[in-house]
Amino acid sequence: MPAFCGPSPAVAKSQRLAHGAPVNMFSGPFDPAVMSRLLLTRAHPGWLGLRYRDHGDDWCELELPWRADLVSDEGSPVLASGPIVSLLDMAAGMAIWIANGEFRPVATLDLRTDYIRPSHENASVIARVTCYRRTRSAAFVRGRAHDGNRDDPVAEMSGVFMTIDPARAA
């Protein structure tokens with residue numbers, strides 16, 4: 001799932017007010033605890049049932065609760081790797097918005113995920129992702145997913161996201 005969370009530049013352009021100012025339905029400081037009620041209850045994150053857990057100045061922690069329909073092998077009740085990658089991708093987007101202090105659409109340019117081991121049976125997976133560097137047009141992230149013990153990761157990730165300024169789409 002690309003972490004494109006917001007209107008495309010073309011849509012953003014079409015959503016401008018008559019005087020040219022962009023319409024930003026997420027204006028104001030980005031509060032992940034509040035915004036997660038909107039961002040994690042719709043579309044792919046909503047279907048997966050992602051939950052907000054915590055955040056810092058440049059990181060976000062989300063949870064993927066275990067569900068029988070998210071396993072890849074009916075004989076082994078562990079979460080499939082695909083939903084875990086989606087969890088890390090969404091946590092990365094939220095870490096970037098936290099570090100930016102505001103919501104601006106982002107798109108995944110590169111997301112490398114090393115799936116290290118299966119999660120434990122019937123266990124939820126937790127992802128913490130940090131945005132460690134930002135430039136004018138890119139954000140760099142790294143994170144880890146675990147199923148209860150941060151020192152025993154299920155997956156490690158690093159990625160680069162493009163930040164999209166709807167005002168420049170004009």
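Which residues are linked in a network of salt bridges? I found Arg53, Glu61, Glu63, Arg128 and Arg150 joined in such a network.

**Entry 1**

The protein chain has an average pLDDT of 85, and 82% of the residues reach at least 70. I then turned to residues 1-24, where pLDDT stays under 50. The model has 42 contacts beyond four places in sequence for that stretch. Where pLDDT is low, predicted coordinates should not be read in detail. I left residues 1-24, with their pLDDT under 50, out of my close reading.

**Entry 2: salt bridges**

I searched the whole structure and came away with 10 salt bridges. Side chains of opposite charge can pair when their charged atoms come close. Here are some pairs I wrote down.

- Arg67 and Asp69 form a salt bridge, with 2.8 Å between the closest N and O atoms. Asp69 is partly exposed, at 49% relative accessibility, and Arg67 is partly exposed too, at 24%.
- Arg112 meets Asp114 in a salt bridge of 3.0 Å, N to O. Asp114 has a relative accessible area of 32%, so I noted it as partly exposed.
- Arg117 and Asp152 form a salt bridge, their closest N and O atoms lying 3.1 Å apart. This pair links distant parts of the chain, 35 residues apart: Arg117 is in the loop between β5 (106-115) and β6, and Asp152 is in the loop between β7 and β8 (155-163).

I also checked how open the two ends of that last pair are. Arg117 counts as buried because its relative accessibility is 15%, under the 20% cut-off. Asp152 comes out as partly exposed, at 31%.

**Entry 3: aromatic rings**

How many aromatic pairs are there? I counted 3 aromatic pairs. Trp97 and Phe103 make a tilted pair, 4.6 Å centre to centre with 50° between the planes. Both Trp97 and Phe103 are buried.

Tyr132 is partly exposed at 41% relative accessibility, and Phe140 is partly exposed at 24%.

**Entry 4: charges over rings**

I came back to two of these residues here. The charged end of Arg142 sits over the ring of Tyr132, 3.8 Å from the ring centre. Arg67, the salt-bridge partner of Asp69, has its charged end over the ring of Trp47, 5.1 Å from that centre.

**Entry 5: His146**

Is His146 buried or exposed? I have it as buried, since its relative accessibility is 7%. His146 lies in strand β7. A polar atom of its side chain is 3.0 Å from the backbone nitrogen of Gly148. Leaving aside residues up to four places away in sequence, His146 touches Ser124, Val125, Ile126, Asp152, Pro153 and Val154.

**Entry 6: Arg136**

My last stop was the loop between β6 (125-134) and β7 (138-146), where Arg136 is placed. Arg136 counts as exposed because its relative accessible area is 68%. I also looked up Met162, which is 26 residues from Arg136 in sequence and 9.2 Å away in space, C-alpha to C-alpha.

Terms used: Residues are numbered from 1 along each chain as its sequence is written. This is a predicted model: local features need pLDDT of at least 70, side-chain atom pairs count only at pLDDT 80 or more; totals for chains, interfaces and linings use all residues. Side-chain values use heavy atoms; hydrogens and water are left out. pLDDT is the predictor's confidence in each residue, from 0 to 100. Contact means heavy atoms within 4.5 Å. Helices (H or I, at least four residues) and strands (E, at least two) are DSSP runs, numbered from the N terminus. Buried means under 20% relative accessible area, exposed over 50%, partly exposed in between (1.4 Å probe, protein chains only). Rings of Phe, Tyr and Trp (its six-membered ring) pair if their centres lie within 6.5 Å; planes under 30 degrees apart count as stacked, over 60 as edge-to-face and the rest as tilted. A charge sits over a ring if NZ of Lys or CZ of Arg is within 6 Å of the ring centre and within 35 degrees of the ring normal. A polar contact is a pair of N or O atoms within 3.5 Å; within protein, one must be able to donate a hydrogen and the other to accept it, and residues adjacent in sequence count only if both atoms are side-chain atoms. A salt bridge is a side-chain nitrogen of Lys or Arg within 4 Å of a carboxyl oxygen of Asp or Glu.
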